[in-house]
Amino acid sequence: MALRDPHSYCDDTQPRVASFAWKARVDFASRTLDASVTLKLAQPAAAAGPIDLDTRELTVREAEDESGRALRFELSSPDPILGARLRIELPAGCARIVVRYRTQPTASALQWLEPAQTQGKRHPFLFSQCQAIHARSVVPLQDTPAARITYTAELTVPLALRAVMAAGATGRTEQGAEATEQFSMPQPIPPYLFAFAVGELASKDLSPRSRVWAEPGLLEDAAWEFAEVERLIETAERLFGPYDWERFDILTMPPSFPYGGMENPRLTFLTPTLLAKDRSLVNVLAHELAHSWTGNLVTNANAEHFWLNEGFTVFAERRILEALEGAEMTALHAALGFQSLKDALERFSAQPELTKLRTRLQGVDPDEAFSQVPYEKGYLFLKALESAAGRPAFDAFLRQYLQTFRFQALTTEQFLAFTREKLPGALEKVDASRWLDSPGLPADAPLPRSARLDAVKAVKGAPPEALAATWSPAEWQLYLEVLPRPVPAALCAQLDDAYALTRSRNSEVLVAWLTIAVEANHAPALARAEEVLKTVGRMKYLRPLYQSLTRSQQGVQGARALFEKTRSSYHPIAQRVIDSLLR
Ligand SMILES: [Zn+2]
């Protein structure tokens with residue numbers, strides 16, 4: 001028996017599933033999917049024996065082979081992190097397995113929204129979020145990024161609704177009160193990129209290969225905010241090579257979406273908190289686009305090597321940003337990233353092993369291990385390598401890396417072997433083992449530098465109006481984040497009077513502001529924070545806002561009381577994270 005991924009029952013000595021055909025009926029009333037999946041093996045089973053699949057909270061009704069013969073199966077008792085192992089006994093020569101099953105209303109990948117939780121308030125909404133290990137709560141499969149798959153899908157939904165998937169749409173047929181939408185995903189994906197959404201959705205073309213989807217009432221705002229997507233794609237192609245996924249569509253999510261974005265291939269999911277009406281938050285769009293190369297095309301073998309996905313993607317995101325907005329703006333974003341890294345290092349001060357880039361996650365839930373460390377420490381490691389090798393050599397290396405591992409998954413060890421060969425001496429020059437296997441940050445980490453950054457950091461107290469008038473939202477955010485804590489209530493009142501921060505439309509500035517102003521018990525901020533927590537489910541905002549509430553006069557009691565009221569409006573992943581924060 002060989003288990004390679006600490007978060008999967010996948011045994012790589014058993015037959016491998018190469019593709020699947022999925023059919024599901026979406027039932028909003030019971031909040032379940034009634035589904036069947038036909039798993040196609042890469043090779044017919046050479047001998048009789050078991051295949052182990054990952055599941056979580058699935059009610060499995062039957063398993064059979066391609067001729068309809070029942071197959072013996074056994075569902076293990078569930079592990080709290082991995083879920084339950086579905087072991088199916090295959091006869092020799094078996095090439096396809098059909099599993100009929102139902103999901104639970106609590107499926108960890110799915111969020112079922114009431115009409116009241118949508119922008120239009122008329123129809124319910126359903127969406128999936130499968131990263132890190134939640135695909136198994138929707139489809140029984142070998143849920144490890146090391147086992148790439150292609151698939152086709154058919155989703156049956158209420159007639160008034162649209163289904164969209166991170167795949168190519170191949171048709172829609174309507175019958176009675178229902179519609180069935182068909183999809184095909186020809187490019188092999190790691191299972192965490194399996195994604196779909198169902199709701200009242202409309203779309204608008206942004207370029208020949210990109211359109212934006214949103215609820216009708218949000219569509220024009222979303223189309224305006226993301227209008228420059230083609231320029232981003234072209235810039236990324238110049239840097240990293242051709243875009244390999246044909247289309248780059250965008251789905252604007254409901255506000256409860258737990259992440260800023262999710263790089264679902266062909267259909268990136270983005271939080272509506274990016275709709276700042278000034279295009280100032282397109283760095284998140286650049287990030288998700290960059291994943292088309294780093295993460296989606298070249299994928300970490302499992303969550304222990306997550307920095308290969310996210311460190312490379314932050315690096316690629318900032319190369320796109322630098323090409324479009326220049327080095328000064330990029331340095332501001334890198335400085336914001338560094339602030340979030342400092343927070344993460346502090347948060348994990350009692351678990352320093354989680355601040356290494358190469359982690360050991362046996363018995364650790366990847367959602368609990370999630371932090372900005374793989375993102376921002378990974379970015380700084382790659383910046384150090386870039387400066388050791390020189391930019392032209394590193395650019396060439398990056399292209400070769402993406403070409404060599406295209407549509408594959410790799411480990412940190414494979415990355416090291418490749419780098420040793422292609423950039424001789426570079427790993428030694430930066431002393432790579434300190435980055436990968438030591439906690440915290442090396443003292444010589446290449447921190448961002450720029451004149452605009454220095455100007456922000458030089459401000460003591462409130463910024464003079466003439467200076468503040470020149471600030472971008474990134475500078476405001478940075479100013480707020482580096483203010484010495486706790487910020488005196490008088491300074492909060494002065495800042496709010498002069499700059500109306502409680503009314504900021506830029507969600508990053510707003511949350512940076514509320515985080516400090518709530519702690520200072522600035523009354524307007526307390527009320528606004530409560531409003532945000534009642535409507536937005538993005539974990540990046542929930543965490544600091546709940547934390548600051550616990551430090552305000554509301555205390556842990558007040559934060560918990562609010563969470564009890566808002567809990568049901570959050571995605572299950574976010575509920576668990578805030579639960580453990582307030583425990
Ligand atoms: Zn990412």
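Predicted model: local features only at pLDDT ≥ 70, side-chain atom pairs only at ≥ 80, totals over all residues.

**Strands, zinc site and cavities**

Ala21 has Thr38 as its bridge partner in S2.

Strand S2 covers residues 32-41, and eight of its 10 residues are buried, which leaves the strand mostly covered. S2 also pairs with strand S7 (residues 96-102), again in the antiparallel sense, over seven bridges. Within that pairing, Ile97 in S7 is the bridge partner of Leu39.

A further set of pairings is built around strand S14 (residues 196-199), which is covered on both faces. On one side Phe196 and Val198 are buried, and on the other Ala197 and Gly199 are buried. Strand S9 (residues 125-128) pairs with S14 in the antiparallel sense over two bridges, and Phe127 stands opposite Ala197 of S14. Strand S11 (residues 162-165) is likewise antiparallel to S14, with four bridges between them. Here Gly199 in S14 is the bridge partner of Arg162.

The zinc ion has as protein donors NE2 of His287, NE2 of His291 and two OE atoms of Glu310, at 2.1 to 2.7 Å. Along the sequence these donor residues follow the spacing H-x3-H-x18-E. Both His287 and His291 are buried. What arrangement do the four donor atoms around the zinc ion make? They subtend angles of 53 to 152°, and the arrangement is therefore irregular. The reasoning rests on a cut-off, because a tetrahedral assignment would require all angles to lie between 85 and 135 degrees. For reference, the ideal angle for four tetrahedral donors is 109.5 degrees.

Helix H3 (residues 282-290) contains Leu289. Leu289 counts as buried because its relative accessible area is 0%, where the limit for that class is under 20%. The C-alpha atoms of Leu289 and Pro265 are 9.1 Å apart, with a separation of 24 residues in sequence.

The structure holds one cavity of 30 Å³ or more, and the volume of the largest cavity is about 390 Å³. Its lining is made of 30 residues, and those nearest the centre are Ala132, Ala303, Phe306, Leu361 and Pro366. Helices H4 (306-325), H6 (366-369) and H7 (373-389) each contribute at least two residues to the lining of the largest cavity. H6 gives the largest share, with three residues. By class, the lining of the largest cavity has 17 nonpolar, eight polar and five charged residues.

The second largest pocket has a volume of about 760 Å³. It is lined by 32 residues, of which Pro255, Pro272, Thr273, Thr535 and Val536 are closest to its centre. Helix H16 (507-519) and helix H17 (523-535) each supply at least two residues of this lining, and the largest share, five residues, is that of H17. The lining of the second largest pocket divides into 14 nonpolar, 10 polar and eight charged residues.

Some points of backbone geometry remain. Most residues other than glycine have a negative phi, and most peptide bonds are trans. Gln131 and Ala132, however, are joined by a cis peptide bond with omega of about 5°. Ala132 sits in the loop between S9 and strand S10 (149-158), and this residue is also among those nearest the centre of the largest cavity. The peptide bond from Arg485 to Pro486 is cis as well, with omega near -10°. Pro486 lies in the loop between helix H14 (473-482) and helix H15 (489-499).

Positive phi values occur in loops too. Glu246, which is not a glycine, has a phi of about 65° and is placed in the loop between helix H2 (229-240) and strand S17 (249-252). Lys277 has a positive phi near 65° and lies in the loop between strand S19 (267-270) and H3. Lys277 counts as partly exposed because its relative accessibility is 42%.

Notes: Residues numbered from 1 in each chain as written. Heavy atoms only, no water. Donors = N, O, S within 2.8 Å, 3.2 Å for Na, K, Ca; no water. Tetrahedral: all angles 85-135°; square planar, octahedral: opposite > 155°, others 65-115°. Buried < 20%, exposed > 50% of the residue type's maximum accessible area, 1.4 Å probe, protein only. 1 Å grid on protein atoms, 1.4 Å probe; cavity = no way out; pocket = protein on both sides within 12 Å on 5 of 7 lines; lining within 4 Å. Points joined across faces, edges and corners; volume = space filled by probe spheres on them. Nonpolar A, V, L, I, M, F, W, Y, C, P; charged D, E, K, R; others polar. Pairing = 2+ DSSP bridges.
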